[in-house]
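Here are a few quick notes to read alongside the model. Have a look at it first, then go through the points in order.

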Amino acid sequence: MNTDRSTAPRGAPRRAFWKLLFTEAKLAWRQPIGLIFGLGLPVLLLVIFASIPAFKKPNADLGGSTYLSIYLPILAAFILASLALIGLTAPLASYREQGVLRRVSTTPVPPSWVLAAQLVINLVVAAVALLLVVTLGVAAFGVQGPKQVPGFILSILLAAAALFAIGLWVAAISRTSQAAAAIGNILFFPLIFFAGLWIPRNIMPAVLRGISDFTPLGAAVQALQSAMQGSFPPARPLLVLVAYAAVFAVAAVKLFKWE
Amino acid sequence: MPVVEVDHLRKAYGTTVAVDDVSFSVDEGEIFGILGPNGAGKTTAVECVVGLRVPDAGTIRVLGLDPRADGRQLKERVGVQLQESALPAKLKVREALDLYSSFYRATADVDQLAQALGLAAKRNSYFKSLSGGQKQRLSIALALVGRPEVAVLDELTTGLDPQARRDTWELIEDVRGRGVTILLVTHYMDEAERLCDRVALFDCGRIVAVDSPEGLAERVAGGKRVRFVPSVSFDDALLTRLPTVRRVEHEGEHVAVRGSGDVLNDVILTLDRAGVAARDVQLESASLEDAFVELTGRGFNHEVSPDTADGRKRSQRS
């Protein structure tokens, strides 16, 4: 029954990745914590904000913008933070804890494929959620769409790179799924605070905004807002995002344990 | 050519030496047992064999390949069932089998495999809803789904009820019947006695002996013991000159003869010819457990009770 496989090509067949991706997607659907926080909640928040009349009126404190248009980048930041810090880390940490990654290590499939599949799934959900929030905001709730589209897209991509690098780092250093949830939450709330979820950056006290400028989501919101208003994002927030992406990606790669 | 060759393997975690100077080889088509108490270094040794850990010293060859350097090629040909390795809670049995079969180039028929392992009725159940035995069987199925030439099974029947254990043993014999070489890690004596062609007895990171289960039991001084009450007294020399007899002891009215091989027959026939009748005849055979106690000087589970400490406890098979 054993044909000579010593001459067979090395490594797992390509279809294994697609099968893995498809299976992980099904699991994400069955345990939709990432979908709830990364897609459901931001859309719900958008609908709630849009139903507050005051949010749709131009506001002098915000330089003539509406609260709703100020919140669009904040919701984008919320989407990325949820998926990177919760959607990505929860399954990876529990897979390591339960020995799923270890089991995969004994097969021709490298465990990094599981991580790659999780990344792809969460990035796809992020793209869908971002499209949904922006489209819904513009088409249904009358928000002025981003005037500087390339700058907006670049900012989104860099913000995603920074947040997902941080997410991978959390997955790398958490030994258990409980630790991953704890670290994810501890990071999530200050990050989303400095993005301006409770106090938008425009009306933040100067000290807080100064700190916010150097947090990943603060920089992301700053870049996105300027692209919304029509100018290419300034260099500093973009560089802040690049720095976070680089530092945490390197740390994640160095620290990641497969078992 | 041996299928698995381990030569002077050593692996330490910090200052704790888990495996020290371990050598053994597994032949094609045999069920080779790695037997020893918890913490003896069994799992570390097989983790090195399957390439999950890097040995500190020594060489390992599996199917002629180096598990580290040729790992990807080897993983196609070696199926592994690890201790305490779960699956995602909401993965269904059928999905797990399909997923893992996609990992290999040569694959077993998933439906047949599920059938053979008694999982057919559970195909649409979530992993988390399976019983311990079902999870274990799924684990074995995943180790076999790539049609391996070598299967490494770690603590196969831990946590299973007696019926499930016996079923699993039969399954393993079937798998071997299909030509798969099996490396079986266990801390159950009865499992090793029942399944293994040869056993490497591990203790404190070292191998104390490698032999067939019967061979190991035979090595114990007085592999067999015949106890009886003679009808009349007789000269010990009558028995001690028999080649199968090692020693004759008197315990009150009982006589105990230690020996090996066909000692029972020899003793009874010789006594009969000398006109001595024996009643209350008992034959006690040394077991693997006795062998372990004898070879390491202490009980298998590190519980030194008066019974086991002197290696006298015998499983009775009269």
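1. One cut-off before anything else: a residue is called buried if 20 or more other C-beta atoms lie within 10 Å of its own, exposed if 12 or fewer, and partly exposed in between. Bear in mind, too, that this is a predicted model.

2. Where does Leu41(A) fall on that scale? Leu41(A) has 16 C-beta neighbours inside 10 Å, so it counts as partly exposed. The residue belongs to helix 2 of chain A, which covers residues 33-50.

3. Over in chain B, helix 1 (residues 42-49) is mostly covered, with eight of its eight residues buried. After helix 1 of chain B comes Gly51(B), which has a positive phi, near 85°.

4. Now the contact between the two chains: chain A puts in 27 residues and chain B 28. On the chain A side, helix 1 (15-30) and helix 5 (100-105) each supply at least two residues. Helix 1 of chain A gives the largest share of that side, seven residues. Sorted by class, the side of chain A that touches chain B has ten nonpolar, ten polar and seven charged residues.

Notes. Residues are numbered from 1 along each chain as its sequence is written. Chains are lettered from A and ligands numbered from 1 in the order in which they are written. This is a predicted model: local features need pLDDT of at least 70, side-chain atom pairs count only at pLDDT 80 or more; totals for chains, interfaces and linings use all residues. Helices (H or I, at least four residues) and strands (E, at least two) are DSSP runs, numbered from the N terminus. Two residues are in contact if their C-beta atoms, placed from the backbone, lie within 7 Å. Ala, Val, Leu, Ile, Met, Phe, Trp, Tyr, Cys and Pro count as nonpolar, Asp, Glu, Lys and Arg as charged, and the others, Gly among them, as polar.
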